[in-house]
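Please look over the structure shown below before reading the report. The sections after it go from the overall build to single elements and residues.

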Amino acid sequence: MRKLTLAIAVIAPMLGQAASAEDTIKIGYIDPLSGGGASVGEGGLKTFQYLAEEMNAKGGILGKKIEIVGLDNKTNPQESLVQAQKAIDSGVRFITQGNGSSVAAALSDFVTKNNTRNPGKEVLYFNYAAVDPSLTNDKCSYWHFRWDAGSDIKMEALTNYMKDTPSIKKVYLINQDYSFGQSVRTDARKMLGAKRPDVQIVGDELHPLLKVTDFSPYIAKIKASGADSVVTGNWGQDIALLLKAAADAGLKVNWYTYYAGGAGGPTAIKQTGLDHQVFQITEGFANSGNQSAMDFEKVFRAKVGLSLWYPRAVNEMRMFKAAAEKANSIDPVKVAAALEDLKFEVLDGGQGVMRKDDHQFFQPIYISSFGKLAANEPFDEENTGWGWHLVSKVDTAQAMVSTTCKMARP
Amino acid sequence: MLELIVISTLNGVLFGMLLFLLSSGLTVIFSMMGVLNFAHASFYMLGAFFGFQLTKWIGFWPALVLAPLLVGAIGMAVERYGLRNTHKHGHVAELLLTFGLAFAIEEIVSMIWGKSPVDYRVPTLLDFPAFTIFSTNYPAYKLFMLAVSIVIFIALLIVLKRTRVGLIVQAALTHPHMVGHLGHNVGRVFMAVFGVGSALAGLAGVIAGPALVTQSDMAAALGPILFVVIVFGGLGSLPGAFIASLVIGLVQTFAVALDGSLASAFGPLDPSAGPSVLTDIWNVTIAQVAPIVPYLLLVIILIVRPMGLMGTRES
């Protein structure tokens, strides 16, 4: 009798686990949870966990619960592949990652190879923030889907705005030294050159990715160049510390950024005292004016204690659900097919589409500036009392760019 | 241009002095005990995290005094109960001990404070621009860091050159056995030196924490540079470490400040204008090379002058 009880005690939990594994959809979240990218990586993890909870409360996807598995890749492509393999071995069939296009390229390649070698055990890769254009052009993959606008799309919108700002005379480019940073600088040079040939590019800097702890030497150089505007694609601690050093040195320029809204950015901008002189380009922001997005933001902030940096994560998860329901299956192959050309009403309003040709999601894009809030703008950032204010909106149709992707379909 | 030079010099000297706070302890420990302390940068990190925690509890100024003392005490304990016991098994065992310690400290720190950066702020008393030079503000806190480093440097110099304690330490640097035979407790001297060296690293951590980033990989990021400094300056030489720290601080800062690439050195004959697989190499700027410059210096000095800048012996 005793032996039997013991056996039951040992086996019963195993059965329970096996049953629950059948009923959950595991999403492997592979992003930095340590080092220089950790501040944004942890924010992303909390965002996805919140979204999973929210969905589970409403019955999950096709009756199955969603579980986010956080895996630390230290912003390192090699480490990411180890983590991805670990995730796949533990039954993960959907991977999401965002920080670092170098990581994204490695993961996309890895997932593609994995799917060729293991038919019937395909894995999908949902990219929520790695914006190197090559991921949806020459390096495109059928198994990779991107919800963030590519760097070329963002730069197109940013330079369109800069074109109509005559006060810009001297521009300084500072970016991280890897594929994404390099694509920002080349796009900026090319597009500014075409749209505003009179603008002088007085500096073009590449610095090591997430390694610099004190940007004052760089700020001194920007200052000496006489620039009136800085364009940067920096993210994570690289944007927060850059702005912090600018605040310390009292650098007064306009900042055109991709990610000034990330962890530490708003605090540093407030410290610079640059009221509505720091711009960022996103697919949505807290004060966008869309009622349902603002309601979501309010609940999100109360529950998670963070601003919603990634409206695209919301779009990603909700579209995943929509695609799974459309295919009536959570088989990655069927979900992938259902995602193609799927139209979707995005969080901040307006329709987006996951283009079949390159698996890039096209959506409305917003340029916003950071500063004192107007009466109808309820959300500030990091308790600074300042928040994001709408400057310009680009509709989906205008945000479309062409692709060179020749997709290899299974 | 002048503005850039002045600001870069200030920044370079500041970074150099910070390196000196760290390398002074490391180099003295090395020449006395023959142990290259791999955990030295970890003491720097401990200093920063203790500083952060104590600042939260009792404020920055008490933390500035207490945190280094705490780190010094840990350093002494490591020497007394760790290194002294492994000493009889030779240098390799000691080296491995400090190597393991570095990993252990990093893990413990990330277990307690997490892996992402902690919010360690500059004290409000020093959070203002000290002066404005060519319309660029220089933060008061950086000036404070510079002042602390210089005071420590002078104090260290006086203790080592002008006091009896310094006499014994200096003697133990070159002739530890002789000092022992003369009746001094060399073990206690070792322990004290190890403690002071660790405390200095801790102090560097406390003051650098708010200006740089306080996170669990800060030791790993700074460690290699420290070895460059002490090898470059000459193992065991304090003046050497001082000069090397300043040189590396300035070189790194100016490398960032300078534009120009191999290609631009040729002026109108720019070789990158022609199509070539080497175009990328021609166009790499000095700023992009900045992070590897110290290691390049290390290699060159080892080839040209293996004992280092001011070193007197080869090992």
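What follows is a short report on a predicted model.

## Basis of the report

The model is predicted, and local features are reported at pLDDT of at least 70, side-chain atom pairs at pLDDT 80 or more, while totals for chains, interfaces and linings use all residues. Residues are numbered from 1 along each chain as its sequence is written, and chains are lettered from A and ligands numbered from 1 in the order in which they are written.

## Overall build of chain A

Chain A holds twelve helices and 15 strands, where helices (H or I, at least four residues) and strands (E, at least two) are DSSP runs numbered from the N terminus. Along the principal axes, its C-alpha atoms fill a box of roughly 85 × 45 × 40 Å. The radius of gyration of chain A is 22 Å, which agrees with the value near 22 Å for a compact globule of 410 residues; the radius is taken over C-alpha atoms, and the globule rule is 2.2 Å times the number of residues to the power 0.38.

Of the 410 residues in chain A, 55% are buried. A residue counts as buried if 20 or more other C-beta atoms, placed from the backbone, lie within 10 Å of its own, as exposed if 12 or fewer do, and as partly exposed in between. Among contacts in chain A with a separation of 6 or more, 71% join residues 24 or more positions apart, a contact being a pair of residues whose C-beta atoms, placed from the backbone, lie within 7 Å.

## Where the chains meet

On the two sides of the interface, 25 residues of chain A are in contact with 25 residues of chain B. On the chain A side, α2 (38-57), β7 (200-207), α7 (216-225) and α8 (237-249) each supply at least two residues, and the largest share, seven residues, comes from α7(A). This side of chain A is made up of ten nonpolar, seven polar and eight charged residues, with Ala, Val, Leu, Ile, Met, Phe, Trp, Tyr, Cys and Pro counted as nonpolar, Asp, Glu, Lys and Arg as charged, and the others, Gly among them, as polar.

## The nonpolar core

The largest nonpolar core has 210 residues, and those with the most contacts inside it are I95(A), Y44(B), M45(B), A204(B) and V229(B). Such a core is a set of buried Ala, Val, Leu, Ile, Met, Phe, Trp, Tyr and Cys residues joined through C-beta atoms within 7 Å. Helix α1 (residues 2-33) of chain B gives the largest share of this core, 15 residues. Leaving aside neighbours within four places in sequence, M45(B) is in contact with I105(B), V109(B), G205(B), M218(B) and A219(B).

## Helix α10 of chain A

G305(A), with a positive phi near 80 degrees, follows α10(A).

## Two loop residues with positive phi

H276(A), in the loop between α9 (265-272) and β10 (278-282) of chain A, has a positive phi of about 55 degrees although it is not a glycine. H276(A) is partly exposed, with 15 other C-beta atoms within 10 Å. D341(A), in the loop between α12 (332-339) and β11 (343-345) of chain A, is also a residue other than glycine with a positive phi, near 60 degrees. D341(A) is exposed, with 11 other C-beta atoms within 10 Å.
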